[in-house]
Amino acid sequence: MAETPKSPVQPQVRRVSVQQRLTALEAEQVLLRQELASLQGELRLPGLYLTVEAGNTSALVPARLVREVVRLVALDPLPGAPAHVAGTFIYRGSPAVVVDLARMLGVKRVPDLDSHLVVVETGRTVALLVDRVRDLVETPVLLDGTPGGEEALPWDGTGLMAGLCRTPEGLRPLLRTSAVLTGMEGL
């Protein structure tokens, strides 16, 4: 594992470096889990996972990363931001960037008034705009690929999916939270 540089570096450059290393580690973690699953047959992910819906599909977010779920509030536009950035709002005294997961999936829509913001721990205050929060899932089973040759999930080509899990409600992609930050380095 690479060490964090000790010399003073611009926070922006260091943030990008840390995000790149985190992305690489998450990719390696996915590969290692797949390898482990092939050796053991079934791998259960430890902990709780929040089920969220966005763009007519659902995904799992590790509950350990969730600070709070709040109702959608008025958002201030963020000029020059990528299309998936819905805007900003003040969360507990600090500015928070809002990422619209449905937009990242290619779904263009105006969020309903009953939409939610899932504030996640990413090193900076980021909220995921989702259509709704469903429930908590405990220790879902990580799968190796899509069983039964089912058609691809909307999350497959987005880079948002860290893996596919089997839950009591069906198959759910596991959200790769570092992918949410893509393109937001200068914000």
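## Close-up views of a predicted model

View 1. At 6% relative accessibility, Phe89 counts as buried; here buried means under 20% relative accessible area, exposed means over 50%, and partly exposed is whatever falls in between, with a 1.4 Å probe and protein chains only. The model is predicted, so local features need pLDDT of at least 70 and side-chain atom pairs count only at pLDDT 80 or more, while totals for chains, interfaces and linings use all residues. Residues are numbered from 1 along each chain as its sequence is written, and side-chain values use heavy atoms, with hydrogens and water left out. Tyr91 also counts as buried, at 9% relative accessibility. How many aromatic pairs does the structure hold? The count is 1, and it joins Phe89 to Tyr91 edge-to-face, with 6.3 Å from centre to centre and 70° between the planes. For pairing, the ring centres of Phe, Tyr or Trp (its six-membered ring) must lie within 6.5 Å; planes under 30 degrees apart are stacked, over 60 edge-to-face, and the rest tilted.

**View 2. The whole chain, for orientation.** The chain comes to 3 helices and 12 strands, taken as DSSP runs (helices H or I with at least four residues, strands E with at least two) and numbered from the N terminus. Of its 187 residues, 39% count as buried. Take the contacts (heavy atoms within 4.5 Å) between residues at least 6 apart in sequence: 59% of them join residues at least 24 apart.

**View 3. Strand E2 and its two partners.** Leu48 has Glu138 of E9 as its bridge partner. Strand E3 (residues 57-62) is joined to E2 by 6 bridges, and these two run antiparallel as well. Here Thr51 stands opposite Leu60 in E3.

**View 4. The turn between E2 and E3.** How many residues sit between E2 and E3 in their hairpin? There are 2, and Gly55 in the turn has a positive phi of about 60°. Asn56 lies in the loop between E2 and E3 and has a positive phi of about 65°, although it is not a glycine. At 82% relative accessibility, Asn56 counts as exposed. For another non-glycine case, go to Thr139, whose phi is near 40°, a positive value. That residue lies in the loop between E9 and strand E10 (141-143), and it counts as partly exposed at 25% relative accessibility.

**View 5. An open sheet of 5 strands.** Its order is E4-E7-E8-E6-E5, with mixed pairing. The edge strands, each pairing on one side only, are E4 (66-71) and E5 (85-91). From one strand to the next, the twist averages 30°, using axes that are lines fitted to C-alpha atoms (for helices, over the stretch in contact) and angles that run from 0 to 180 degrees between N-to-C directions. E4 and E7 pair in the antiparallel sense over 5 bridges, with His116 of E7 as the bridge partner of Arg71.

View 6. Leu117 sits in strand E7. Is Leu117 buried or exposed? At 0% relative accessibility, it counts as buried. Leaving aside residues up to four places away in sequence, Leu117 touches several residues, including Glu68, Val69, Arg71, Phe89, Val98 and Leu128. Val73 is 44 residues away along the chain from Leu117, yet their C-alpha atoms are separated by 8.4 Å.

**View 7. The largest nonpolar core.** It has 18 residues, and those with the most contacts inside it are Leu101, Val118, Leu128, Leu160, Leu175 and Val180. At least two core residues come from each of E2, helix H2 (101-104), strand E7 (116-121), strand E8 (125-130) and helix H3 (177-180). A nonpolar core is a set of buried Ala, Val, Leu, Ile, Met, Phe, Trp, Tyr and Cys residues joined through side-chain atoms within 4.5 Å.

**View 8. Leu171 in strand E12 (residues 170-175).** Leu171 counts as partly exposed, at 22% relative accessibility. Leu171 and Val141 are 30 residues apart in sequence and 9.5 Å apart in space, C-alpha to C-alpha.

Conventions: Pairing = 2+ DSSP bridges.
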